[in-house]
Amino acid sequence: MKKKLLFITLLVSGNALAVCPSNTKTVFFFTTANNKSIQVCDAGKSISYSFGKASSPELSIAVPRNRVTTYQWGGMGRNMNYTVNIPNGNTVYKVFNNVDKFDEYSASGVEVVQNKKSLATVKCSESKKIVNLSSMKST
């Protein structure tokens, strides 16, 4: 039962929350404590990242898929880690999800790195999030 609960948290329902265009796949979505959204959409040939209010994002970028890198859990060990790195000039938005299979702990969020220096990390609350980073594959 514990394993089922753990995997359900990875697939938290809430697709109604996401606002990715209908021809794209919601890979990541959550609302910050300041009521701003962070989302990643997969359009096949490009990956988009946006931050801010849904009606008027403060940042919205689309990056060719071949510039986006990922780290995928290899299937061994207790920690399932997934990261999608979305570059924008000298800034990288590192979208992550980490799950400890035994302790049933998970952490998701975005780390903003500029010139290889971490500027900020925004973590998701465990409710009202969509995390589907395991579906991302590097090209």
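Which cysteines form a disulfide, and how far apart are their sulfur atoms? The views below come from a predicted model, where local features need pLDDT of at least 70, side-chain atom pairs count only at pLDDT 80 or more, and totals for chains, interfaces and linings use all residues. Residues are numbered from 1 along each chain as its sequence is written, and side-chain values use heavy atoms, leaving out hydrogens and water.

**View 1. The disulfide of C20 and C41.** These two cysteines form the link, with sulfur atoms 1.8 Å apart. A disulfide here is a pair of cysteine sulfur atoms within 2.5 Å. The count by this rule is one. The angle about the S-S bond is -85°, and the link is left-handed. C20 sits in the loop between α1 (2-10) and β1, and C41 in strand β2, so the pair ties together parts 21 residues apart in sequence. Helices (H or I, at least four residues) and strands (E, at least two) are DSSP runs, numbered from the N terminus.

**View 2. Buried cysteines.** Both C20 and C41 are buried. Buried means under 20% relative accessible area, exposed over 50%, partly exposed in between (1.4 Å probe, protein chains only). C124 also counts as buried, because its relative accessibility is 10%.

**View 3. The largest nonpolar core.** A nonpolar core is a set of buried Ala, Val, Leu, Ile, Met, Phe, Trp, Tyr and Cys residues joined through side-chain atoms within 4.5 Å. Elements giving two or more residues include β1 (25-31), β2 (37-42) and β7 (91-100). β1 gives the most, with three.

**View 4. Surroundings of Y93.** Leaving aside neighbours within four places in sequence, Y93 is in contact (heavy atoms within 4.5 Å) with residues including Y49, L59, I61, I86 and V110.
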